[in-house]
Amino acid sequence: MSTNEYKKHWGSIEEFEVVAGVNTQTEINASDNSRKITKENESISRRDFLKASGFSLVAASLTLSGCKNAINKAIPYLIKPESITPGVSTFYASTFFDGHDYCSILVKTTEGRPIKIEGNTLSRVSTGGTNAKVQASVLSLYDDFRIKSPLKAKQKTTWDTVDAEIISKLEELTKKGNKIVILTSSIISPSTKNVFKDFLKKYPTTEVISYDAISSSGMIEANKMTFGKEVLPTYKFNRADLIVSFGADFLGTWIAPIEFTKQYASRRTPRSKTGKANAGISKHVQFESTLSLTGSNADYRIPINPSEEGPVLLEIYNKLATRAGKKPVAVSDSKVANSQIDAGTLPDELWAKKGRALVVSGSNDVHIQILVNKINSLIGSYGATIDLGNPTYYRQGIDGKMAELIERLEKGEVKGMILYHVNPAYDYPQADRFINALAKTTLSVSFSETMDETASLVNYICPDNHFLESWNDAEPRKGSFSLGQPTIGKLFDTRQAQESLLKWTGLTGSQGGEATEGESAYYLYIKKYWEKALYPLQSGHHSFASFWTAALQNGVYEPPAAHSKSPHTFLLSDHEFSKTVSSVLSEKTEGFEYSLYESIGIGTGRHANNPWLQELPDPVSKVCWDNYLAVSYGTAKKLNLKLGDNVKINDLFELPVLIQPGQSDHTVSIALGYGRTHAGKVADHVGKNAYKLVSLQKRKNGIQRIYSGGGITFKPTGRNYIFALTQTHHTMEGRNHVRRGRLSEYAKNPYTGNEQRIEDLKHKVSLYKARVFEGHHWGLAVDLSRCTGCSACVIACTAENNVPVVGRDEVRQKRIMHWLRVDRYYSEQPVRPEVYFQPVMCMQCNHAPCENVCPVGATQNSKEGLNEMAYNRCVGTRYCMNNCPYHVRRFNWLAYSNNNKFDYNTNSELGKMVLNPDVVVRSRGVVEKCTFCVQRIQESKLVAKTENRELLDGEIKTACVQACPAGAMVFGDLNKKDSAVSKAFLDERNYFLLEELHTVPAVGYLTKIKNDEPLAKS
């Protein structure tokens, strides 16, 4: 079968076995599992429900029409605030950084309430993109679990009391010469670092230690040993013709995925309307144990066990060294035999792409990172695709320092602990040691916003403001700055951590005058720092006030000629290098290995109490509300494991089994960030804490945290668990919905992979009269070659359109409410499947099947081509849902708002503050769906009308388009022939989903083109 011919796609192992004609016990049991509901979650069928209730259309109409809406009392402004105009949104430029992920953002506020976050296109770092965690962070502002006042011994107290007692104890500890430690997540704020310096001057026995929940210490220390720079470099994926990644999920979670996604996507689109392939399209090879988001997008993906990474890298290095006339590293045959992977001609390809190639590794092993550095040095990556002269500052923690801190705490050498945005009682591998050691201090203070696992152990909690209530600045990479500003007044009696430190230091922001009303001491401190350190670097503004206002409005500032070049001399001698990297090889391991990874939604666990993120299906597995033990298809067959089988792991905890295509056969994988016990009502006891499996291993440079290993055991318990698994919720009956082609064939034929469209156009016959749109005709194009499946669009749609969270049990019953879903499909065999992502929303069909069957005319097509919903007319017959071939309409089975059974953000007065007032909150019994963010369309039309001008192409961005870090979506007016969406629709790669049904959608897809250029021959 040629690559152009249609191949069956499948969304799950069960579907694969049906496609492959396998009728096994696994299939039957898994099918039963997907339908089985526990007694307490048992529900009757819709038909039985209608019988029991004597339901009829007339009865339903009478019942619903008799319902009264709740009365909401609105109090008008007596004196309207100058900055607020009711009904008109205000945007503030700010910065998101949670100690792990960075993004320059714009915050949309309505009448003083932040309700939506967008990417800041002025940023050269995040370039207008976002990810799921950034989009969801606005909801954490309205978390009921936030601490609302300072606490002493878990009891409410006053700031005056806390300040007086802490200052007294700090002075006492300093006077005695006792050690004080500020344990902090990575800090990229230059002003905050300056606050720490001032604090150290006041209390000179203080030490600042950085700690990252998921560490990059191995990379930082490898760069120090090989180049003398204890930093993370800046990577340039857009400059790489060949990318080779070993377990680095750089499109999902590794270092700076928002930045990397934009770079990567810019090199993945083939040239259109020329008949020739884009010579600049990059080739991506991924070695990994777990099928990651990045691996899903690779051109070539090779499953390996964690222990095989070192041998494969060493093989690549030795072949490159031979090419370069250097002596290879000698290794013993017994250790090399541990790897069954052959690097083949990949080293030759890397050599051929010198200066245009990039090798990265997600390992935290310093020896592996040294080996990667040497490979990149041989192929000329430094100065080309890797920039060490302008490093990034996202991760700064050194594992050895944290290990030493715990030893010092145990010995009683550290008497004071101040904890800032860290939670080692949860995410440190030896959490019990830390907990017991912390009890030996005489002063322990936490700035935590919530009563997390660590904060619950300290003497004093001085709750920090939420970042949307705070002033701050950031330097994510050398020479690139951004500002954060409050977008709402403080909701509670909290205080910014920097403000507390300044208070205890005895300094004000102006260092000479008190802050005036409305100004915080830290705000004045930041201004003073910027005036002294950054203002002199520019020449465009003649006063600091002008410079500060511009920086605050833009949200970012990059001094001219800020970037610098530095030499990249490899410091290790050949002997030292050979001795160091030989340790990456090990004797053959018995049994199974394991790999721990960071999930796209929950991440490190810091945002686990965010219900939007909990209900976000994992882009690859499509599971939400749980972590699991991922095993390969072959392993499941061998051990007779079925979907959802509970297993006991290393006698530590139980997890259900997920059969994951693409998983390495001798490796199992678990997501970190779950198993919280003090996170809040949403996250407590959801999943299990896999940080317990992180190992602490000795290296030449000290202790390091390793996120993989061998000797894991898992024993079936005989119980079975039902996943909230969404991929098989909506089926399109095996139709050719995902289309893809190969670069080599696209060069000859731009319709490669899209031949079906030519046939569809030949038979384009309809009983309907073709519609003509005299004004606007809105359309959306999705480039599948650029879409990575990251799902930022799903959370953006949730935030913009007040999509309710329904919880695990409802998702199990296929009642998830997301208006936009990202389908994930496999093809080929489960061992090494090809993976495809496809965002699916309402197609806004010109000949919509849903419209014909609605008995009350609740759904209809507008004059601008939008399929509109009149919610107050809908009586819930669900005929439209049954008639929609795309399965994009959602039914409110229950009241998801103001319902104690769904105790999420819409069941809380505080949580409801995030709701968008431009979008109605739907009630029980009505159908809802995507509307192309019609509220945004109308707003932009009114602005253009007020300014007496036409709408500009690209001026309107739906929530999904705005959020996408890859730029995979384009929205606009199809009646404008020069619009970006019109051009996309004319591309040879463009097709329409289920076009053979003649629904005439307004959403087009561009076929996925993979780089199948063979690896170079010697």
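**Helix packing, sheets and cores in the predicted model**

Helices H5 and H26 are roughly parallel to each other, because angles under 35 degrees count as such and theirs is about 20°. The model is predicted. H5 spans residues 132-140 of the sequence, and H26 covers residues 792-800. Their axes lie 8 Å apart. The crossing of H5 past H26 is left-handed. On the H5 side, the contact is made by Ala132, Gln135 and Ala136. On the H26 side, Ala792, Ile795 and Ala796 take part.

H5 also lies across strands S1, S2 and S3. The helix runs at about 170° to S3. These 3 strands form an open sheet in the order S1-S2-S3. The pairing in this sheet is antiparallel. S1 (89-97) and S3 (113-119) are the edge strands, and each pairs on one side only. From one strand to the next, the twist averages 35°. S2 comprises residues 102-110 and is joined to S3 by 6 bridges. In one of these strand pairings, isoleucine 105 has glycine 119 of S3 as its bridge partner.

A second pairing involves strands S33 and S34. S33 takes in residues 821-827, and S34 takes in residues 834-840. The two strands pair in the antiparallel sense over 7 bridges. Arginine 821 has valine 840 in S34 as its bridge partner. Together, S33 and S34 form a hairpin, with 6 residues between them. Within the turn, glutamate 828 has a positive phi of about 70°.

S33 is largely enclosed by the rest of the structure, because 7 of its 7 residues are buried. In a regular strand, side chains alternate between the two faces of the sheet. Both faces of S33 are covered. On one side, Arg821, Asp823, Tyr825 and Ser827 are buried. On the other, Val822, Arg824 and Tyr826 are buried.

The largest nonpolar core contains 183 residues. Tyr235, Trp254, Phe287, Leu350, Phe932 and Tyr1005 touch the most other members of this core. Phenylalanine 287 touches Val244, Ser245, Phe246, Gly247, Ile302, Ile304, Val312, Ile341 and Leu346, with residues up to four places away in sequence not counted.

Individual residues were then considered. Serine 191 lies in helix H7, which spans residues 190-202. Serine 191 has a relative accessible area of 0%, so this residue is buried. Leaving aside neighbours within four places in sequence, serine 191 is in contact with Asp473, Tyr522, Tyr525, Ile526, Tyr529 and Trp530.

Threonine 494 is found in a loop, between strand S18 (480-484) and helix H18 (497-505). Threonine 494 counts as buried because its relative accessibility is 0%. Again leaving aside neighbours within four places in sequence, threonine 494 contacts Arg146, Ile147, Trp159, Pro463, Asp464, Asn465 and Glu469.

Lysine 698 lies in strand S26, at residues 695-699. Lysine 698 is exposed, with a relative accessible area of 72%. In sequence, lysine 698 and glycine 400 are 298 residues apart. In space, they are 9.1 Å apart, C-alpha to C-alpha.

Terms used: Residues numbered from 1 in each chain as written. Predicted model: local features only at pLDDT ≥ 70, side-chain atom pairs only at ≥ 80, totals over all residues. Heavy atoms only, no water. Core = buried A, V, L, I, M, F, W, Y, C linked by side-chain atoms within 4.5 Å. Buried < 20%, exposed > 50% of the residue type's maximum accessible area, 1.4 Å probe, protein only. Contact = heavy atoms within 4.5 Å. Helix = DSSP H or I, 4+ residues; strand = E, 2+ residues; numbered from the N terminus. Pairing = 2+ DSSP bridges. Axes fitted to C-alpha atoms, helices over the stretch in contact; angles between N-to-C directions. Parallel < 35°, antiparallel > 145°, perpendicular 65-115°, else oblique. Left-handed = near helix turned anticlockwise from the far one by under 90°.
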